[in-house]
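Let's take a walk through a protein together, one step at a time. Have the sequence and the 3D view ready, and turn the view as you read.

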Amino acid sequence: MNPPASASPFLEPPERLVSYRLLVLLAVVVTAGASQGLLLPLLAILLERAGVPEDVNGLNSMALYIGTFSTMFFIERPVRRFGFKAVIVTGIVLITAATLLFPLTAGSLTAWFLLRLVIGVGDSGMHFATQLWMVSRAPASRRGTFISLYGMSYGVGFSIGPLGINLLHFGEAAPFLVSAGLYAVVLLLALGLPAKERPEAAEPGEATGAARYLKVYRIAWYALLPAMLYGIMEASMNSSFPLYGTQIGLNREAISALLPALGLGGLLLQLPLGSLSDRIGRLPVLIGCGLGGGVLFACIPAAGDSVVLVAALLALAGGLVGSFFSLGLAYAADQLPRHLLPGANVLASIHFSVGSIAGPVVGGFGLRYGAAGSLFWLLGGAFLLFGMIGLALARLRPPAAAADAER
């Protein structure tokens, strides 16, 4: 069980289910999800129109996750020094500026690579601050519900984001302008957040630096794996699924309609799975979702070009694994003392970045040099392996230790 939190001038009472801060943080997450859901497939389509090969397309999309990954090596320090709000606002400003520059630099692979790097940095800092703020203030008995609100909000944005591809009818700049406009609205809301809130300080004598991260790994290594799997799934689907759809004969409208199905499934099951994990524990829910999601992803190539069947499988698979990042964070928070939560968030974000970098590259090379279905066989195998490792872990852990870790 977690030790009692030490006194801190920045420590608040547990978060209420309805508050201005929580609503603004959820609005930030919705907008970030919409941006992610739109930009990756949109940029992939625009580069494909320009005749860029699939593997180069995938490599270019990797830039966003390189930015995300690199940010994790320094983001904890500014959050501790300047507070949650400052990092969130800075992230929004960076993303808005980069989004507006995309249509002005159309046709330049180098410029788009650099802009994706900037968006990765801003998005990473923004997510780190919002995740940590919500998780550290959530009461333990309702942690699954609160973190599911975070995941559900991201799912809402992720689901509606690809629909912005249809704005291309109004010109190539239209989707970018709409996305930047949403961020501008959220920026105005974020300026009203309290400015002094910071993560809880480490207790005297606690491990620091690399030793602290090793301690997080030792305690919660399995809880950090879902972030990597979620990164692989999200990035490969956003960057490679439009190319997969093109290869099997789907038109642009069908592709833009199918991508939201993945997020819609996750949206519908976020709260039920979060509440279920509060009752029966995070580990059984993660294992079951990994096994079920793996089977469903592996079955998608068998659906061929049937939009209805592919949509149904995507929705079911997304429903099961769409909670992976948030439930993984909640599981880590169950196992760790509060002062180690920033380290766990850093490591989870690094895992997410590694998965996000690997996903488009493997998916792009598979689509160019292998079978079209390799994208989904990769995803299915990864989630099935996670579930089987979880089953082995559950058998090895003593019942008392398992029950204590789930509290």
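Is the crossing of α10 and α11 left-handed or right-handed? Keep that question in mind while we get our bearings. What you are looking at is a predicted model. The chain has 15 helices and zero strands, and 57% of its 407 residues count as buried. Look also at how the chain comes back to itself: among contacts with a separation of 6 or more, 87% are between residues 24 or more positions apart.

Now back to our question. Find helix α10, which covers residues 282–299, and helix α11, which covers residues 307–321. Two packed helices are described by the angle between their axes and the distance between the axes. For α10 and α11, the axes come within 8 Å and cross at roughly 155°. An angle over 145 degrees counts as roughly antiparallel, and α10 and α11 are therefore roughly antiparallel to each other. As for the handedness, the crossing of α10 and α11 is left-handed. On the α10 side, the contact is made by C289, G292, G293, L296, F297 and C299, and on the α11 side by L313, L316, A317, L320 and V321. Sorted by class, the residues of this contact are nine nonpolar, two polar and no charged.

While you are at α11, pick out V310, which lies in this helix. V310 is buried, because its relative accessible area is 1% and the cut-off for buried is under 20%. Which residues does V310 touch, not counting those up to four places away in sequence? They are F241, L258, I300, A303 and G304. One of these, I300, is 10 residues from V310 in sequence, and the two C-alpha atoms are 6.1 Å apart in space.

Next, move along to helix α12 (residues 324–335) and helix α13 (residues 341–369). Their axes come within 10 Å and cross at roughly 150°, which makes α12 roughly antiparallel to α13. The crossing of α12 and α13 is right-handed. Here F325, L329, A332 and A333 of α12 meet L341, A344, N345, A348 and F352 of α13. By class, this contact of α12 with α13 has eight nonpolar residues, one polar residue and no charged ones.

A further pair of helices is worth a visit: α5, which spans residues 109–137, and α6, which spans residues 143–160. They pack at an angle of about 155°, with their axes 10 Å apart, so α5 is roughly antiparallel to α6. The way α5 passes α6 is a right-handed crossing. H127, T130, Q131, M134 and V135 of α5 make the contact with R143, F146, I147, Y150 and Y154 of α6. The contact of α5 with α6 has six nonpolar, three polar and one charged residues.

A pair of aromatic rings is described by the distance of the centres and the angle of the planes. How many aromatic pairs does the structure hold? There are 14. In one of them, F84 and W133, the ring centres are 4.9 Å apart and the planes are at 15°, so the pair is stacked. F84 sits in helix α4 (residues 84–101) and W133 in α5, 49 residues apart, and the pair links these distant parts of the chain. Both F84 and W133 are buried.

F324 and F383 show another arrangement. Their centres are 5.3 Å apart with 80° between the planes, and this pair is edge-to-face. Because F324 lies in α12 and F383 in helix α14 (residues 374–396), the pair ties together parts that are 59 residues apart in sequence. F324 and F383 are buried. They also belong to one aromatic cluster, formed by W221, Y222, F297, F324, F383 and F386.

Our last stop is L187, found in helix α7 (residues 174–190). Is L187 buried or partly exposed? With a relative accessible area of 21%, L187 is partly exposed. Leaving aside its neighbours within four places in sequence, L187 is in contact with V89, I92 and V93. L187 and I88 are 99 residues apart in sequence, yet their C-alpha atoms are 8.8 Å apart in space.

Note on methods:
Residues are numbered from 1 along each chain as its sequence is written. This is a predicted model: local features need pLDDT of at least 70, side-chain atom pairs count only at pLDDT 80 or more; totals for chains, interfaces and linings use all residues. Side-chain values use heavy atoms; hydrogens and water are left out. Rings of Phe, Tyr and Trp (its six-membered ring) pair if their centres lie within 6.5 Å; planes under 30 degrees apart count as stacked, over 60 as edge-to-face and the rest as tilted. Helices (H or I, at least four residues) and strands (E, at least two) are DSSP runs, numbered from the N terminus. Buried means under 20% relative accessible area, exposed over 50%, partly exposed in between (1.4 Å probe, protein chains only). Axes are lines fitted to C-alpha atoms, for helices over the stretch in contact, and angles run from 0 to 180 degrees between N-to-C directions. Angles under 35 degrees count as roughly parallel, over 145 as roughly antiparallel, 65 to 115 as roughly perpendicular and the rest as oblique. A crossing is left-handed if the near helix is turned anticlockwise from the far one by less than a right angle, and right-handed if clockwise. Contact means heavy atoms within 4.5 Å. Ala, Val, Leu, Ile, Met, Phe, Trp, Tyr, Cys and Pro count as nonpolar, Asp, Glu, Lys and Arg as charged, and the others, Gly among them, as polar.
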